[in-house]
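Please keep the sequence and the structure in view while reading.

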Amino acid sequence: WCCPEVLFTTSTKDDRVHPGHARKMVKRLLDVPTERAPKVLYWENVEGGHGGAADNKQRAYMWALTYAFLWRTIGQASTDEGACRALR
């Protein structure tokens, strides 16, 4: 198996989905060889709730991270085959 580049976002104060789930998944991916999980990104907001942000400024920051990640990974044309594709 091979994990594509991934971004996990969570909130310390989420009362519906405990942030421990994201933390454990990130830890597991960091424990595998880099060829299997080439890049694992993690951001945890210490103030927000289930929506991930406590106010509009935090919400904007979270979405900026998300959109920047998406643009970098799937939004722009790339000729790079990537580590996961090379393993197939």
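Predicted model: local features only at pLDDT ≥ 70, side-chain atom pairs only at ≥ 80, totals over all residues.

Trp 63 belongs to helix H2, which covers residues 56-75.

Which residues of H2 are buried? They include Gln 58, Met 62, Thr 66 and Phe 69, and, viewed down the axis of H2, the buried residues lie within an arc of 70 degrees, so they line one face of the helix. In general, an α-helix has 3.6 residues a turn, so residues three or four places apart point the same way. The other side of H2 carries exposed residues, among them Asn 56, Lys 57 and Tyr 67, together with Trp 71. As for what the buried face meets, the buried residues of H2 pack against strand E1 (6-11) and strand E2 (40-45).

The length of H2 also deserves a remark: although H2 has 20 residues, its end C-alpha atoms are only 25 Å apart, which falls short of the 28 Å that a straight helix would reach at 1.5 Å a residue.

A residue in one of these strands can be described in turn. Thr 10 is found in strand E1, and Thr 10 counts as buried because its relative accessible area of 11% is under 20%. Once neighbours within four places in sequence are left aside, the contacts of Thr 10 are with Pro 19, Ala 22, Tyr 42, Trp 43, Glu 44 and Asn 45.

The two residues with a stated relative accessibility are set out below.

| Residue | Relative accessibility | Class |
|---|---|---|
| Thr 10 | 11% | buried |

Turning to the chain as a whole, there are three helices and two strands, and along the sequence they follow the pattern β-α-β-α-α. Of the 88 residues in the chain, 26% are buried, while the chain exposes about 6,500 Å², of which carbon and sulfur atoms supply 56%. Among contacts in the chain with a separation of 6 or more, 67% are between residues 24 or more positions apart.

Conventions: Residues numbered from 1 in each chain as written. Heavy atoms only, no water. Helix = DSSP H or I, 4+ residues; strand = E, 2+ residues; numbered from the N terminus. Expected span 1.5 Å × (residues − 1). Buried < 20%, exposed > 50% of the residue type's maximum accessible area, 1.4 Å probe, protein only. Arc of directions from axis to C-beta. Contact = heavy atoms within 4.5 Å. Areas by Shrake-Rupley, 256 points an atom, 1.4 Å probe, with all protein chains shown as cover.
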